[in-house]
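Thanks for making time this morning.

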Amino acid sequence: VATSAVREAGNGGEFIQRIFDEVGLRVSVIPGREEARLIHLGVAQVEDLDGPPSLILDIGGGSVEVVLVEDGRPTELHSLKLGVSRMSERFLQADPPRAKDVARLEEFLSEALEPALALAAKRKVKRVIGTSGTLLTLISMAAHRLGVRPGAQVHGLEVPAEAITHLARVLARADREERLAMRGIDPKRVELITAGAVLTDVVLGRLKSPRIRACTWALREGLVQDF
């Protein structure tokens with residue numbers, strides 16, 4: 001399947017056709033809500049989602065998926081065009097970012113995420129599960145700063161919301177070389193991790209959630225389960 005980048009690319013159709021012509025694979029471009037549904041399906045294989053409501057947060061390059069889960073069922077599926085590539089290009093072009101640009105990004109995200117978070121906040125959701133590369137990297141980095149060395153396996157690791165807030169502030173003041181030197185960072189994400197940290201901090205702050213939990217199962221595993 002293909003997601004946000006191909007959904008929005010002007011030559012997405014040509015790209016899909018070329019894959020078929022040259023590789024023989026038929027690629028389906030899935031809509032954002034379907035992406036969110038499959039992410040929930042993946043997470044549900046390894047996390048107990050019964051009981052109090054939970055929020056699944058998946059941050060990609062082009063889009064962000066937010067799933068409210070109540071009694072094990074996804075009651076709200078959101079896919080928002082707030083991915084870290086998009087937000088970095090729009091707000092964080094300086095290195096290190098300028099304080100006023102970070103403040104603008106925070107303000108923009110607070111408003112843009114509100115439709116996806118309002119009901120979760122009303123339900124007093126406190127359990128937030130983070131999936132996919134950006135969030136797994138952030139949780140790993142926050143853990144390192146707390147003296148925990150998660151290694152390659154971060155599944156099930158939880159860090160306090162305050163650790164994400166502190167990490168977001170540190171990243172917002174750091175340039176590329178300083179970010180690369182931070183423990184737990186995936187070098188592939190060094191250009192985009194600051195936007196991811198700001199977004200995660202906004203979500204946790206809006207929900208007043210005390211912590212965030214890492215889940216390594218997401219879209220890919222949801223696809224397998226669906227199949």
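Which residue lies over the face of Phe-108? That residue is Arg-90, at 4.4 Å from the ring centre, where a charge sits over a ring if NZ of Lys or CZ of Arg is within 6 Å of the ring centre and within 35 degrees of the ring normal.

Before going on, a word on the basis: this is a predicted model, in which local features need pLDDT of at least 70 and side-chain atom pairs count only at pLDDT 80 or more, while totals for chains, interfaces and linings use all residues. Residues are numbered from 1 along each chain as its sequence is written, and side-chain values use heavy atoms, with hydrogens and water left out.

The ring centres of Phe-91 and Phe-108 are 5.2 Å apart and their planes stand at 40 degrees, so the pair is tilted; rings of Phe, Tyr and Trp (its six-membered ring) pair if their centres lie within 6.5 Å, with planes under 30 degrees apart counted as stacked, over 60 as edge-to-face and the rest as tilted. Because Phe-91 lies in helix α4 and Phe-108 in helix α5 (residues 99–122), the pair ties together parts that are 17 residues apart in sequence. Helices (H or I, at least four residues) and strands (E, at least two) are DSSP runs, numbered from the N terminus. Phe-91 is buried at 4% relative accessibility, whereas Phe-108, at 24%, is partly exposed; buried means under 20% relative accessible area, exposed over 50%, and partly exposed in between, with a 1.4 Å probe and protein chains only.

Turning to strand β1, Ser-54 is found there and is buried, at 1% relative accessibility. Beyond its neighbours within four places in sequence, Ser-54 is in contact (heavy atoms within 4.5 Å) with residues including Leu-49, Val-67 and Arg-127.

Now the backbone. Most residues other than glycine have a negative phi, and most peptide bonds are trans. The bond from Asp-95 to Pro-96, however, is cis, with omega near 0 degrees, and Pro-96 is found in the loop between α4 and α5. Asp-71, in the loop between β2 (64–70) and β3 (73–80), has a positive phi of about 55 degrees and is exposed at 56%. Lys-208 likewise has a positive phi of about 55 degrees, sits in the loop between α9 (193–207) and β6 (211–215), and is exposed at 64%.
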